[in-house]
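Hi everyone, thanks for coming. I'd like to walk you through a structure that may be new to you, so please have a look at it on the screen first.

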Amino acid sequence: MTLDDLAKATGRASDAVIADQGLDDAERAALLAGMRERLREMRDSIERGLASDAPSRTGMVGWNAKGLWQAEDLLGAPLLKRVQAYAMAVNEENARMGRIVAAPTAGSAGTVPGALLGVADHLGIDDDRLVAPLVLAAGIGEVISQTMFIAGSTGGCQAEIGSSAAMAAAAVTELLGGGADACVHAAAMALMNTIGLVCDPVGGYVEVPCVSRNAFFAVHAVSSAQLALAGLTSVIPPDEVIQAMASVGRMLPPELRETGEGGIADTPTGRRIALEMAR
Amino acid sequence: MSLLDVIGPVMVGPSSSHTAGACRLALLARAALARPPSEARFDLHGSFAKTARGHGTDLALVAGALGYAPDDPRIPDAFAHAEEAGLRTSFGTSDLGDVHPNSVRITLGAEEGTTTTLTGSSLGGGIVRAFELDGFRIEFGGGAPTLLIRHRDTLGVIARVARVIADDEINIATLHCARQRRGGEAMMSIEVDRALSAPAFAYLEHLPYVLWLRHLPEVMSATSDGAHIAAATARTDG
């Protein structure tokens with residue numbers, strides 16, 4: 001399946017994703033049961049993350065989600081705060097070696113739950129209605145993975161957080177009633193506006209910038225859904241956007257692909273922290 | 001890649017490729033050894049070598065060698081558990097050549113002298129690929145039960161093995177075979193749609209040109225309740 005095929009589906013995009021899998025009834029039930037279980041695990045990791053201020057293994061992160069969650073909402077933007085806090089809650093649990101759901105990777109695990117559960121909770125939408133959008137998110141990730149490896153070490157951060165944001169954007173769009181075309185364009189716009197992002201974790205740890213990055217890209221996904229639901233589309237066809245991202249990934253030097261040797265990791269302070277952690 | 005692999009696995013952090021994937025590769029190596037290892041050596045390549053400690057790759061590899069699944073809460077304390085279990089561990093870095101940056105060579109040894117060396121890559125999102133076993137090129141991903149057969153390179157081996165699997169009413173998903181040299185030793189890796197029956201396994205094992213046979217479990221859905229791994233490795237003795 002390509003994104004262009006998916007965009008042409010007449011019903012819900014998630015139904016088209018399931019139909020494309022060619023599953024029998026038992027396999028279909030197992031898929032939906034698996035997604036429900038993952039939804040519960042996502043919720044569980046959000047709850048643990050919002051309640052904890054225990055430091056990560058390095059001590060660089062650990063209190064961001066709880067700190068934001070408890071802070072006053074000076075912007076008057078409760079959805080924004082919720083989405084950011086949920087996303088960081090998951091990634092701080094991840095940085096503490098807690099239990100999370102990779103979506104599609106662990107480093108980008110906060111984006112999908114941050115956006116999807118954040119929007120659902122903000123609007124008072126029941127978890128039962130989140131299973132289909134989650135299936136769609138997985139379907140979008142699967143399409144991307146046919147073109148490129150979803151790993152920072154091969155494609156930079158764009159491959160991880162770009163994929164998670166595209167998946168989350170499509171999921172939120174479907175949750176709010178968007179058709180298949182809108183879902184696919186939400187994904188494409190999220191990807192297009194992530195291209196070029198490098199993977200430069202300080203000391204090689206999945207903490208800085210990874211934790212705050214999930215807050216930013218969960219919001220990015222919601223923005224993309226907002227544009228798509230209003231009828232905005234990607235001028236470049238969605239499948240060509242994936243090709244462009246894969247092509248940029250191949251141009252990235254190894255220093256910017258999860259080696260901890262470039263970008264924010266290669267700053268005086270980044271190098272100092274890496275040295276301290278190595279001791 | 002199945003949809004539950006994209007949204008998943010449920011895992012202990014912090015990295016699907018460097019933690020969950022590393023754990024799965026070590027689980028495959030443990031299944032190939034077919035007994036609890038007493039010694040584990042890990043040679044890390046590329047990004048694995050650069051960021052292993054930050055991503056808990058070392059912990060995950062040791063956890064996999066202990067038979068822990070990627071969601072096992074014992075992973076953060078894997079070194080302590082290894083000591084308790086009598087598993088000696090060592091790490092090195094190695095340039096494995098033109099392979100994926102997240103690659104590792106895992107050498108496991110058991111008390112009585114058996115060793116197995118598996119080399120593989122973690123491709124992202126927890127997806128893995130083993131590409132070398134005991135010096136032979138093989139190819140499998142742990143997403144299906146896998147037969148590993150070391151055999152003499154002689155006429156009709158592949159046809160016979162495929163016949164036995166077909167008679168067991170099992171569909172072959174992938175098959176990869178390579179030999180050291182004509183008439184020498186060879187290795188087959190066969191991913192199948194479901195595990196082979198005990199009689200079929202015993203039959204293959206007793207074919208005169210089969211030197212060594214392993215039946216690896218599917219590891220992609222392995223979870224820490226343990227039932228999955230225990231059941232699937234039960235038939236790898238021998």
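Predicted model: local features only at pLDDT ≥ 70, side-chain atom pairs only at ≥ 80, totals over all residues.

Two or more lining residues come from each of α3 (25-51) of chain A and α1 (3-6) of chain B. Of these, α3(A) gives the most to the lining, with six residues.

Next, turn to the sheet in chain B. As a reminder, strands of a sheet pair through backbone hydrogen bonds, either parallel or antiparallel. Here six strands form an open sheet with mixed pairing, and the order is β3-β2-β4-β5-β6-β7. At the edges you'll find β3 (88-93) and β7 (136-140) of chain B, each pairing on one side only. From one strand to the next, the twist averages 20 degrees.

Let's zoom in on one pair. In chain B, β5 (residues 115-124) and β6 (residues 127-133) run antiparallel and are joined over six bridges. One bridge to find on your screen links B:G124 to its partner B:I127 in β6(B).

Finally, what packs on this sheet? Helix α2 of chain B, residues 16-33, does, touching β4 (102-109), β5, β6 and β7 of that chain. The direction of this helix makes about 155 degrees with that of β5(B).

Methods. Residues numbered from 1 in each chain as written. Chains lettered and ligands numbered in written order. Heavy atoms only, no water. Helix = DSSP H or I, 4+ residues; strand = E, 2+ residues; numbered from the N terminus. Pairing = 2+ DSSP bridges. Axes fitted to C-alpha atoms, helices over the stretch in contact; angles between N-to-C directions. Contact = heavy atoms within 4.5 Å.
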